[in-house]
Amino acid sequence: MATVDIRRADDRGLSTTDWLRSRHSFSFADYYDPANTHHGLLLVNNDDIVAPGAGFDTHPHRDMEIVTWVLSGRLAHRDSMGNSGVIYPGLAQRMSAGTGVQHSEKNGSDSEPVHFVQMWVLPDEAGVTPSYQQQEIELAAALTPIASGAADAAVTLHNANATLHGARLRPGNAIELPEARYVHLFVARGTVTLEGSGPLAEGDAARLTDSGGQRVAADTDAEILVWEMNAGLGGA
């Protein structure tokens with residue numbers, strides 16, 4: 001049955017410290033809601049702002065495909081595979097944790113905050129060799145594949161049923177959502193109108209099941225992130 005579930009920005013989980021403001025679309029860290037653990041294959045959609053000179057110290061991950069998309073500022077990455085560098089707007093990054101990896105993520109600036117969205121999906125199979133990939137990509141007023149295991153994209157995923165698209169829209173621009181088993185639309189910046197559901201502001205999301213084809217029109221300058229998923233957890 002086709003459904004559209006609108007989730008507002010202020011209803012997300014919230015984690016704050018003296019250096020972090022993190023909004024969680026799904027259960028994460030100290031925010032736990034048994035009825036809100038994932039949508040399709042997407043388990044994490046964190047909207048993070050990290051203060052200058054601060055960040056996440058070295059910590060472990062395993063068996064997860066982690067995609068990071070910076071909206072503003074610079075995010076310094078370092079991991080146990082020997083990768084290090086700075087992620088900035090327009091640079092897609094994917095880390096496959098596989099059998100296990102440790103990494104840190106710090107604000108790459110001592111004067112400006114960094115704002116980024118980090119998203120996690122499960123791989124098709126556990127125990128892959130950990131790997132890292134980054135690639136510059138220019139978003140346009142059309143859905144552009146950022147990360148995918150099913151289509152040509154800036155970076156690849158170890159999941160054949162998941163594609164992350166992005167678009168940057170000006171007022172009056174519109175895109176059509178893909179038709180898929182699960183679609184997750186996240187408004188990273190600006191305000192848009194989703195056909196049949198009305199306005200969506202920055203931080204709002206729409207979770208679509210057995211649906212798609214709706215137009216998303218920009219009311220202001222906007223940036224959207226759209227997950228197209230043709231399976232859910234356990235193949236559902």
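**Salt bridges and strands**

Biologist: Why does Arg7 count as partly exposed?

Modeller: The relative accessibility of Arg7 is 29%. Buried would require under 20% and exposed over 50%, so Arg7 falls in between and counts as partly exposed. The value was computed on a predicted model.

Biologist: What makes the contact between Arg7 and Asp5 a salt bridge?

Modeller: The side chains of Arg7 and Asp5 meet at 2.9 Å, N to O. The cut-off is within 4 Å, so the pair qualifies as a salt bridge. Asp5 also has a relative accessible area of 29% and is therefore partly exposed.

Biologist: Why is the pair of Arg62 and Asp63 called a salt bridge?

Modeller: The closest N and O atoms of Arg62 and Asp63 are 3.9 Å apart. That value is within 4 Å, so the name applies. Arg62 has a relative accessible area of 53%, which is over 50%, and therefore Arg62 is exposed.

Biologist: Which parts does the pair of Asp221 and Arg170 tie together?

Modeller: Asp221 forms a salt bridge with Arg170, with 3.5 Å between the closest N and O atoms. Asp221 lies in the loop between strand 21 (215-218) and strand 22 (222-229), and Arg170 in the loop between strand 15 (162-169) and strand 16 (174-176), so the pair ties together parts that are 51 residues apart in sequence.

Biologist: Are Asp221 and Arg170 exposed or partly exposed?

Modeller: Asp221, at 46%, is partly exposed, whereas Arg170, at 56%, counts as exposed. The limit that separates the two classes is 50%.

Biologist: How many salt bridges does a search of the whole structure find?

Modeller: The search finds nine salt bridges. Arg168, Arg189 and Glu223 are linked in a network of salt bridges.

Biologist: How do you know that strand 2 and strand 3 pair?

Modeller: Four bridges join strand 2 to strand 3, which run antiparallel.

Terms used: Residues are numbered from 1 along each chain as its sequence is written. This is a predicted model: local features need pLDDT of at least 70, side-chain atom pairs count only at pLDDT 80 or more; totals for chains, interfaces and linings use all residues. Side-chain values use heavy atoms; hydrogens and water are left out. Two strands pair if DSSP finds at least two bridges between them. Helices (H or I, at least four residues) and strands (E, at least two) are DSSP runs, numbered from the N terminus. Buried means under 20% relative accessible area, exposed over 50%, partly exposed in between (1.4 Å probe, protein chains only).
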